[in-house]
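Have a look at the structure below before reading on.

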Amino acid sequence: MEICAYDKYVGILSKNKFDIYNNSGKEVSSLDIPINNVLFNSSNRFLGIAQNEGQNIYLVQGQNLVWENKVEGSISKISVNKNGYMAVVISDTSYKTIVSLFNPNGKELFKIYLSSTRVADVTISNDNKYLALAEIDTASSVVKSNVKVISIENAQTDTDNSILYIHNADANKLIINTKYQEKNKLLCMYDDSIDILQEENNKQILNYSNRKVSFATVEMNSGIAIVEEKSSGIFTADSEVSFINTETEKEIVYIANDVTKEIYSSDDILAINLGEEIHFINKGGWLVKKYVAGQEISRLVMSGALAGIVYRDKIEIINL
């Protein structure tokens, strides 16, 4: 059984059926999606579904299946933007990596062929103009990461001349995640820092190489968040959650009196799992909701509107 949250719904994929529940826990739709070992990625009203290391892809909008398709090769990652464009990363072909882009109607717009690098992440701008690929070259003794920004309009007629720019990171910097935020700000998270790329300008917004950062995320609409452990006693520690606005670079701190075990983010809400409690915090550093379970919480799925606490025999839905 595979579970996800998107838009105003919780979806459960089991036995080739994708059952969709609203925020009251009522089943509102059931779709035929015959896959397992699934990849989910969502934005706004859209949910992308793919078979991890398989060939099948699907786009769901709200309660409806918009389209389905099949690719040649093995799918390793998908990314959906808020308008329903989907990028699919494919391996196990004659190339090291292929990236295909589909429009909201399921039409494949183009393919990008990469002969020597693997794609760590992919993201599509909110205005459907840019596709960014985070590439890693592990062939040499030094890890090399770069971010390649592609014009979606140009790539539909000439993929060879569609690259707007390439940003090469310093040697041994490992790129982990990318995210297009508003105003086409491209957030790039490395193993030691977070940068912003915008119109070929690169600016480091956060360096945490000398900070005790437990978790970091760029998967927000207009900011980033990091969690640091701060000692509060001989055997105790607090979690200091820092939100940094990517427009103003203003930092706001929220403190929880326990150690964070995991984080989740969607839109501008961050959830921190403290074991038997989950705190839902907005980008302003305010506690939106606190959920107390009374037992260890092992799994959570969330969108910007709701969260699902997953237990062995039930899912508890929380409206945010």
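1. Ground rules. This is a predicted model, in which local features need pLDDT of at least 70 and side-chain atom pairs count only at pLDDT 80 or more, while totals for chains, interfaces and linings use all residues. Numbering runs from 1 along each chain as its sequence is written, and side-chain values use heavy atoms, with hydrogens and water left out.

2. The largest pocket. Its volume is about 1,400 Å³, taken as the space filled by probe spheres set on grid points joined across faces, edges and corners. A pocket here is an open set of points on a 1 Å grid over the protein atoms alone where a 1.4 Å probe fits, with protein on both sides within 12 Å along at least five of seven lines; lining residues have an atom within 4 Å of a point. The lining has 50 residues, and F40, N41, S42, E219 and S265 lie nearest the centre. Among the elements giving two or more residues to this lining are β1 (2-6), β5 (38-43) and β21; strands are DSSP runs of E, at least two residues, numbered from the N terminus.

3. T217. You'll find T217 in strand β21 (residues 213-217). T217 is buried, at 6% relative accessible area (buried is under 20%, exposed over 50%, partly exposed in between, with a 1.4 Å probe and protein chains only). Beyond its neighbours within four places in sequence, T217 is in contact (heavy atoms within 4.5 Å) with M189, I224, A225, I263, S265 and L270.

4. The second largest pocket. This one holds about 170 Å³ of space. K183 is one of its lining residues, along with others including Y130, Y180 and E200. At least two lining residues come from each of β16 (163-168) and β19 (193-198).

5. A salt-bridge network. K183, K185 and E247 are linked by salt bridges (a side-chain nitrogen of Lys or Arg within 4 Å of a carboxyl oxygen of Asp or Glu). K183 meets E247 at 3.5 Å, N to O; K183 sits in the loop between β17 and β18 and E247 in the loop between β23 and β24, so the pair ties together parts 64 residues apart in sequence. E247 also meets K185, at 3.2 Å. K183 is exposed at 58%, E247 is partly exposed at 46% and K185 is buried at 6%.

6. Elsewhere. The whole structure has 11 salt bridges. One of them joins K111 and E108, with the closest N and O atoms 2.9 Å apart.

How values were computed
Helix = DSSP H or I, 4+ residues; strand = E, 2+ residues; numbered from the N terminus.
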